[in-house]
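Me: I'd like to learn how to read charged pairs and cores in a structure. Can you walk me through this one?

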Amino acid sequence: MTTTKTTAKKGKQVGTEHVDQLVRNYKKERWVHNTERLGKPDSLSTWYGLEELSSFLELARDHHADGIKVYYGVYPENYPQSPELQGRQTVVFVATKEARNEHGLINKDIYIRSGDRHEILAFNYGKLCPPFCTPFDPKIGGNSFPFELSSVGLTILDNEEGIKII
């Protein structure tokens, strides 16, 4: 009798309307509160270069990963490596391998040997926006907002403090 392993297929390509709705909802439900608490705009996006991301995915494949888990994270308030990132949210990609335990199938984080210890196989340090946003350039086109945040999920928030465009 042959047993075949089946990995659940998750994820699919989505369209502009879907992305717009998710970003608009996020801005209204989470980002505006994070920004007020931080006293500066929290990050709304993280950009990664294709070459670096492809290299990470290839490394994950080399270590028998069958998926990537995206963790949401926040840089520490006192982050001397990059003060611009202090307190801002980020995402961390972690290579995973499906495994079975007493509760069923799980996506287990992969750890690899690094010297005399094991380290999680993960990828971070993309270009956060804010603070590292592409400035508006009228020659390229787009909108009149000072950075790329408004290109997806433009949100007008009307509350007791007045109208805010986020």
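Reply: A salt bridge is a side-chain nitrogen of Lys or Arg within 4 Å of a carboxyl oxygen of Asp or Glu. Side chains of opposite charge can pair when their charged atoms come close. Before we look, this is a predicted model, where local features need pLDDT of at least 70, side-chain atom pairs count only at pLDDT 80 or more, and totals for chains, interfaces and linings use all residues. Residues are numbered from 1 along each chain as its sequence is written, and side-chain values use heavy atoms, with hydrogens and water left out.

Me: How many salt bridges does the structure hold?

Reply: Four. One of them joins K69 and D109, with N to O at 3.0 Å. K69 sits in strand β2 and D109 in strand β4 (residues 104–109), so this pair ties together parts 40 residues apart in sequence. Strands here are DSSP runs of E, at least two residues, and helices are runs of H or I, at least four, numbered from the N terminus.

Me: Is D109 buried or exposed?

Reply: Buried means under 20% relative accessible area, exposed over 50%, and partly exposed in between (1.4 Å probe, protein chains only). D109 is buried at 19%, while K69 is partly exposed at 25%.

Me: And which residues make up the largest nonpolar core?

Reply: Such a core is a set of buried Ala, Val, Leu, Ile, Met, Phe, Trp, Tyr and Cys residues joined through side-chain atoms within 4.5 Å. Here it has eleven residues, including Y48, F56, F93 and L121. β3 gives the most, with three residues.
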